[in-house]
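Biologist: I would like a close look at one part of this model, with the values spelled out.

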Amino acid sequence: MKLIQILKVAVIPVLTVLSLLSASNKVLADYLNSQGIGGNSRYELWSTDDNSYYYLKVWSSEASPNSEPYYTIRAFTSTGEALIYFDCKYTKKNLPECRNVQE
């Protein structure tokens, strides 16, 4: 009988703490900021949970919505920088900002 009480006192709090830690890790996730289509490509623009950087996921415009992205481009410092990159590289727009886009 005492073994069951000890298990209740020891195991239940440990499992509770582990489940709370697991839940808090799930809250820290990336966020979809926008999505769109340009040229022959479509994109999703994501940010980290703390908005420290942004990244693009790029597909062919004909790809299935559930398919893996063809490219994931990371480490943009702003949404504007990421969208300019998409416009310059994938829609082939001739914007003044395209001169500053890294290959």
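Which hand does the link of Cys88 and Cys98 have, and what is the angle about the S-S bond?

Modeller: The link of Cys88 and Cys98 is left-handed, with -90° about the S-S bond. The model is predicted, so local features need pLDDT of at least 70 and side-chain atom pairs pLDDT 80 or more, while totals for chains, interfaces and linings use all residues. Residues are numbered from 1 along each chain as its sequence is written, and side-chain values use heavy atoms, without hydrogens or water.

The structure holds one disulfide (cysteine sulfur atoms within 2.5 Å). In this bond, Cys88 is joined to Cys98 at an S to S distance of 2.0 Å. Cys88 belongs to helix 2 (residues 79-89) and Cys98 to the segment after helix 2, so the pair ties together parts that are ten residues apart in sequence. Helices are DSSP runs of H or I with at least four residues, strands runs of E with at least two. Cys88 and Cys98 are both buried (under 20% relative accessible area; exposed is over 50%, partly exposed in between, with a 1.4 Å probe on protein chains only).

The segment after helix 2 also holds Lys92. Although Lys92 is not a glycine, its phi is positive, about 60°. Lys92 is exposed, with a relative accessible area of 65%.

Rings of Phe, Tyr and Trp (its six-membered ring) pair with centres within 6.5 Å; planes under 30 degrees apart are stacked, over 60 edge-to-face, the rest tilted. Both Tyr43 and Phe86 are buried. Phe86 also pairs with Tyr90, and here the rings are stacked, at 5.5 Å centre to centre with 25° between the planes. Tyr90 is buried, as is Phe86. The count of aromatic pairs comes to six. Ring pairs join Phe86, Tyr43 and Tyr90 with Tyr71, Phe76 and Tyr85 in a cluster.

Ala75 lies in strand 4 (residues 71-76). Ala75 is another residue other than glycine with a positive phi, near 70°. Its relative accessible area is 53%, so Ala75 is exposed.

Strand 2 (residues 41-47) also contains Glu44. Not counting residues up to four places away in sequence, Glu44 touches Leu32, Ser34, Gln35, Tyr55, Leu56, Lys57 and Trp59 (heavy atoms within 4.5 Å).
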